[in-house]
Amino acid sequence: MKLELLPSKLKTPDTGDQLVSQGQKRWRSLRPRRLSSQKMLILTLQYGAMLLLTFIYLFPLIYLINVSLKTPADFYNDPIGMTRTFSIGNYIDAWNQGSFGDYIFNSFLYSVGATVPSLVLTLLMAFPIARGYIKGSRFWYALFVVALFLPGSLIPQFQLIFHLGLYNTQIGYMLLHVGAGPFLVIAYMKHIPRELDEAAAIDGCGYFRYVFTIVAPLAKPILVTVAIFQLIGIWNDLIGPTIYLSDQSYYPMTLGLFTFFGNFGNQWTILAAATLIVAAPLVVIYLVLQRYFIEGAMAGAIK
Amino acid sequence: MNVFGRRGFSVAAPYLGMLPGLFFFALFGIGPSLATIVLSFTDITGVPNTPWHFVSLDNYYRFFALSNWRDSAETLQRTFLFSGVSTIAQNSIALGAALLLNKRLKGHLALRGLIFMPVVLGVTVIGLMWSIVLNPIGGPVSTLLAALGHDSTLLGSYKDAFPLVIMVNIWAYIGTAMLIYLAGLQGIPSELLEAASIDGASGWGKFRHITWPLLTPMVTINVMLSVIGSLKDYQIIYVLTNGANNTSVLALQVFNSAFSGSQQQGYASALSVLQFLMVLIIALLLLAFLRSREVKL
């Protein structure tokens, strides 16, 4: 590969190619220049591809909304056409018959109940490893890495929970989710200056007070990211509740919806409404916290 | 060295702080992981209060036994197919989408958010959403295929279920790979591309000789994540078909052997260990191959 680096001062002339690649603002400001027909074609193809992707990702949701607003009779007459009724009856039926009110409370309890202690434990594990304040901090780090690749732990976990008498208990299910991989937090904490520790120590600040009142606020961005991913992970867990919770009053949204599908067979209008009821809080959370999701996913793989 | 003191409580504090975390890690993390190997040599079941014994390698023999080998081989074949097709398609589409979004045309941020959304919606919502879309009686996909002359019961069809499951899996997880490729694209110095433009490089030439080589580390990460993830994944299959109609893979077989029917958890543990070895070997070989093709700037 032959590459010659240009001094950055040297500006490239405005070629048509750049007009396209450097985005909308530039394009607009230079509009008087006419794009060649070839560039127009490329631009059209690019927008076409974006539209296609939008369609592929939006279609299932739109179809579900459409179905959920139909009356059953309407649906059987015309399953794919635009809905002519805007009945929210399906939502009311799904909510009442599926007892989603209880499920949403359980989902909330499990997600928050396991994430909050996990966050505290992760903070307390990540800090000394990041700083080397404990003996063998490299060993501990390596151990966490190795654990990622070991065989699945599903079956012994089940035996353990069962023999501890925690099968079909809410606390047992939550306990399983306590603890999170400390990698992101460790990586982030390495950027917090060490001098802060020394200054705090000289001022007589104790270790735990320092970790909770100084380190935690400084590491807030990464702690929030880790917390959001764990919250969503638990909220969306289907296998765990299937294995550990047999009592329907303990079901979270996921298992509640899955069971609902088993019970309501082919009543597609109600099923669509139920699915949207479960999806709605996730979509809202995603819209509000999108930045954290996107940045977290990008950071998670690179570090 | 711990700056918070050299004596007494100050020295012990970091260790004390780590204790609860390590306790949970040992009890629910690494402990059960290792115990899977032990249980794979037993005939333990999930049925309470039944005695269990060590049975040596019986569970392993059972998987490879001649009478079971046809089933086992088919399961393995599907596992590789599921993983291979998912990985290749996910990465090709994700890379294409990342290159497209990196042009920063109008609406690129919204589309980026949309493609990542399934990752947030989770496997239950994705699976059930698609099972409604794939409704064989008058659903949109079934209607479209019927118009094209292909009548099918979709997820109920022995022939079509597995390709559909793979397609839903690809759809669901393109988002993560796309974001990693986007991060990689943003890390490519724009001077390089500008210099190439001055020298008269074509769009394809720039991709072939600058973008692609510099993106190879991201390819390694993404391919590894996809391969390992899809070899271990079974949840989307569980929701869509639960392995019916020729769609079961090794990971789903682990789950179903352990938690349904007679709950043969010893056998399931052995399958789990075999799965671990399979993932390990494939991952190491693939990593060596991908690393050898990476380009460092």
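**Notebook: chains A and B**

I looked up Leu285(B) and found a relative accessible area of 61%, so Leu285(B) is exposed. I note that the model is a predicted one. Leu285(B) sits in helix α11 of chain B, which covers residues 265–292.

Next I checked for a nonpolar patch on the surface that includes Leu285(B). Leu285(B) forms one with Leu277(B), Leu280(B), Ile281(B) and Leu284(B). Together these residues have about 480 Å² of accessible area.

I then turned to the interface. The size of an interface is often given as the accessible area lost when the parts come together. For chain A and chain B I wrote down about 8900 Å² buried between them, with 79% of it on carbon and sulfur atoms. Helix α16 of chain A, residues 268–302, gives the most to the side of chain A that touches chain B, with 16 residues. The contact takes 98 residues from chain A and 101 residues from chain B.

How many salt bridges are there between chain A and chain B? The count is zero. For polar contact across this interface, I found 11 residue pairs, with both residues at pLDDT 80 or more.

My last entry is on Gly172(A). Is Gly172(A) buried or exposed? Its relative accessible area is 1%, under the 20% cut-off, so Gly172(A) is buried. Gly172(A) lies in helix α9 of chain A, residues 170–176. Leaving out residues up to four places away in sequence, I found that Gly172(A) touches Ile161(A) and Leu166(A). I also looked up Leu154(A): Gly172(A) and Leu154(A) are 18 residues apart in sequence, and 14 Å apart in space from C-alpha to C-alpha.

Key:
Residues numbered from 1 in each chain as written. Chains lettered and ligands numbered in written order. Predicted model: local features only at pLDDT ≥ 70, side-chain atom pairs only at ≥ 80, totals over all residues. Heavy atoms only, no water. Patch = residues over 30% accessible without salt bridge, like charges linked within 9 Å, V, L, I, M, F, W, Y side chains within 5 Å. Areas by Shrake-Rupley, 256 points an atom, 1.4 Å probe, with all protein chains shown as cover. Salt bridge = Lys/Arg side-chain N within 4 Å of Asp/Glu carboxyl O. Helix = DSSP H or I, 4+ residues; strand = E, 2+ residues; numbered from the N terminus. Buried < 20%, exposed > 50% of the residue type's maximum accessible area, 1.4 Å probe, protein only. Contact = heavy atoms within 4.5 Å. Buried area = accessible area lost by both parts, 1.4 Å probe. Polar contact = N/O pair within 3.5 Å; in protein donor to acceptor, adjacent residues only side chain to side chain.
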